[in-house]
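Please read it alongside the sequence and the coordinates.

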Amino acid sequence: MQEFIVDPRQSTPEELAEGMRQAQTLFKLNHTMPYTEEYNALAEELFGHDVFADGGFVMPGLTGVCFDHVKLGRGVKIMNNCLMMARGGITIDDNAMVAANAQLISNNHDLHDRMLLTCKPVHIGKNAWIGAGATILPGVTVGDNAVVAAGAVVTKDVAPNTIVGGNPAMFIKEISKKQ
């Protein structure tokens, strides 16, 4: 996975305008009654498609930047107070669940020039479950059907059909096939 650098000081007027539009849409979303047509329309405006199709939803308290770099699959469920720092890209595949207070972080700051952003995409696989308060760091892929325990800090890829937990997150066990 290739890291790339973004210098926000070099943003075009169009990029700045899009960032402001997203920030304002996010504010409106977080101050609108959930489960209403207005809320659904704002979520669709922010993510660029109907996030409520096939049972998916995004709960209020959402924070972050660069929502145009977020790709949500069908039936994705995102609970309250999720942070998405998406400059490096965040993909959440079909039927994945993200619990309350989770952080999905695809960018960091350069150690020498703190205005530079170092970016690597985050990928959450199909049917994965990110536990409450978990943090997924740049460049991490959480495999299909994997579970990240509550409060875990994930610094490395998570294999499909496994459970990880802790800080840093470590392998706990494999998820056995349903009998």
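A search of the whole structure, which is a predicted model, finds 1 cavity of 30 Å³ or more.

**The cavity**
- About 30 Å³ of space lies in the largest cavity, and the residues that line this cavity are H49, V51, G56, F57, V58, L72, G73 and V76.
- Sorted by class, the lining of the largest cavity comprises 5 nonpolar and 3 polar residues, with no charged residues.

**The largest pocket**
- The largest pocket has a volume of about 390 Å³, and 20 residues line it, of which E15, G19, V65, C66 and R87 lie nearest its centre.
- Two or more residues of the lining come from each of α1 (13-30), β3 (63-65) and β10 (107-109), and α1 gives the most, with 7 residues.
- The lining of the largest pocket divides by class into 9 nonpolar, 7 polar and 4 charged residues.

**Packing of α1 against α2**
- Helix α2 spans residues 37-47 and packs with α1 at an angle of about 155°, the two axes being 9 Å apart.
- Because this angle is over 145 degrees, α1 is roughly antiparallel to α2, and the crossing of the two helices is left-handed.
- On the α1 side the contact is made by R21, Q22, T25, L26, K28 and L29, and on the α2 side by Y39, L42, A43, E45 and L46.

Key
Residues are numbered from 1 along each chain as its sequence is written. This is a predicted model: local features need pLDDT of at least 70, side-chain atom pairs count only at pLDDT 80 or more; totals for chains, interfaces and linings use all residues. Side-chain values use heavy atoms; hydrogens and water are left out. On a 1 Å grid over the protein atoms alone, a cavity is a set of points where a 1.4 Å probe fits but cannot get out, and a pocket is an open set with protein on both sides within 12 Å along at least five of seven lines; lining residues have an atom within 4 Å of a point. Grid points are joined across faces, edges and corners, and a volume is the space filled by probe spheres set on the points. Helices (H or I, at least four residues) and strands (E, at least two) are DSSP runs, numbered from the N terminus. Ala, Val, Leu, Ile, Met, Phe, Trp, Tyr, Cys and Pro count as nonpolar, Asp, Glu, Lys and Arg as charged, and the others, Gly among them, as polar. Axes are lines fitted to C-alpha atoms, for helices over the stretch in contact, and angles run from 0 to 180 degrees between N-to-C directions. Angles under 35 degrees count as roughly parallel, over 145 as roughly antiparallel, 65 to 115 as roughly perpendicular and the rest as oblique. A crossing is left-handed if the near helix is turned anticlockwise from the far one by less than a right angle, and right-handed if clockwise. Contact means heavy atoms within 4.5 Å.
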